[in-house]
Amino acid sequence: MENVRTQKGERHVPSTADVNLPRLTIRSLRAVPVTVPMTYVLGTSAAAVRAAPLLLVDLETHEGVTGRAYQFCYRAAAAPAIVRFLDDIMDAVKDEVVAPADLWSSLSRRYTLIGVQGIVRMAMALVDVAGWDALAQAAGLPLARCLGADPRPIPAYNSNGLGLMPAAALADEADKLLGRGFRAVKLRLGYADVDDDLAAVRAVRKRLPDDIAVMVDYNQALSVADAVGRGRALDGEGVYWIEEPIRHDDYIGCAEVARAVSTPVQIGENFSQVYDMQKALDVRACDLVMPDLERIGGITGWQRASALAAEAGLPMSSHLYPEVSAHLLAATPTAHWLEYVDWMNPLLAEPLTIVDGMAVVSGRPGLGLAWNDDNVRRYAWTD
C-alpha cells in the first residue's frame with residue numbers, strides 16, 4: 001500500500017463551474033428526528049454506539065423545490081435542541097434568497113454572542129447543505145457539477161463496526177466488511193495497554209489480504225507521550241494512518257506525535273469551521289486531514305477547507321455523511337478517502353452505491369437524497 005506521506009501533490013483548486021444557479025427563496029424548514037439501529041455496534045474508547053440518532057431536514061422554497069439534509073446528532077438529546085435553533089433560524093431567513101455563503105455570514109452575525117459552535121453550528125450546517133441541494137436540483141445538475149467537477153467514483157473505506165472487542169471477533173468482522181469490494185477498513189483502538197492494541201491490529205492484518213488498507217482510530221484516547229509510544233509500536237504493523245490519537249484541539253501535541261512516528265497522523269473531524277483547520281495546518285499538526293461536513297460549516301465550509309488542503313498539499317478525506325461527501329470529494333483537489341457508514345441506508349429511497357470499493361456519485365440533480373417515507377415513519381420519534 002502506498003505511503004500517503006508521498007501523496008502531497010501540488011494541485012490547484014479548480015475554478016467553480018460556470019453554472020447559473022436559479023433564484024430560490026425560503027418558504028419553510030421541516031425537521032424529523034429518527035433513531036436507526038446500526039448494522040454493527042460502534043465500540044470506541046469513549047462509548048459503544050448501537051443506534052444512530054439522526055435529524056432529517058427539508059428546506060422548502062416558494063418555487064416548489066425542496067432541498068434535503070441530515071445530521072448525525074451523536075446523542076438523541078441533541079435533536080430537539082437543533083430543531084429549536086432551526087426554528088430561530090427560520091425567523092431570520094424566511095423569504096430570503098437561497099445563497100448559502102451569504103446565509104452563513106448573516107447567521108454567523110446573528111449568533112456572534114452565543115458563538116457558532118455545537119448545536120448552533122449543527123443547525124446552520126443543515127440549512128447550508130439543504131440550500132445547496134435545492135439550488136443544484138433547480139439547476140438540474142448533481143451537486144458535484146455545480147461545484148465545478150464531474151461526478152466520479154471515489155475510493156471508500158468501510159468504517160462500520162470494528163470497535164473494541166476480542167481479537168478473534170475483530171478478524172471475523174473485518175472479513176465481512178470487505179463485501180462490495182472494499183479495499184480499506186477502519187479499526188478502533190485504545191485498549192488498556194499497547195499490547196492489546198497490537199493484538200487487535202495483528203488479528204485484523206493477519207486475516208485480510210496485504211493490499212487491504214487498515215486505518216486505526218484512537219478517538220482522542222491517549223496522552224501525547226502514550227500516543228508517541230503506541231504510534232512507534234504500530235510503525236511497521238501495516239497501519240495506513242493513525243487517527244485522532246490525542247485530544248482533538250491539542251495541535252502542538254498532534255504535531256509532536258506526527259514528527260515522532262512514521263505512520264501518517266490523520267485529524268480533522270473536530271475542526272470547527274476553517275479557523276481550526278488553519279490553526280492545525282500552521283503548526284503542521286498532521287499529515288492528513290478529514291473535515292466533518294457539519295463541523296467544518298456545511299458545503300460552504302467544505303469548499304473553504306478544500307482550498308486550504310490544496311494550498312498545503314495535504315490529502316483530504318471525509319468524515320461521515322458519505323452521500324454528500326462523495327459529491328464534495330469529487331470537487332476536492334487533494335481528494336483521498338471517503339469514510340463509508342451505512343446508517344442512512346434504511347432512510348433513503350436510493351442509498352449510496354458502492355461498486356468495487358468505490359462510492360458511485362449520484363448523477364441525479366442535487367445530492368440525490370430522497371427519503372424512504374415508510375422507514376422515516378417507522379424510525380421517527382413518537383411523543
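Analyst: Strand E4 (residues 154-158) runs parallel to strand E10 (residues 338-340), and three bridges join them. Here strands (at least two residues) and helices (H or I, at least four) are DSSP runs numbered from the N terminus, and two strands pair if DSSP finds at least two bridges between them. In this pairing, tyrosine 157 is opposite glutamate 339 of E10. The model is predicted, so local features need pLDDT of at least 70 and side-chain atom pairs count only at pLDDT 80 or more, while totals for chains, interfaces and linings use all residues. Residues are numbered from 1 along each chain as its sequence is written, and side-chain values use heavy atoms, with hydrogens and water left out.

E4 also pairs with strand E12 (residues 358-360), this time in the antiparallel sense, over two bridges. There, isoleucine 154 faces alanine 359 of E12. Because four of the five residues of E4 are buried, E4 is largely enclosed by the rest of the structure. Buried means under 20% relative accessible area, exposed over 50%, and partly exposed in between, with a 1.4 Å probe and protein chains only.

Strand E5 (residues 184-188) is largely enclosed too, because five of its five residues are buried. In a regular strand, side chains alternate between the two faces of the sheet. In E5, Ala184, Lys186 and Arg188 point one way, and Val185 and Leu187 the other way. E5 pairs with strand E6 (residues 213-217) in the parallel sense over five bridges, and valine 185 is opposite valine 214 of E6.
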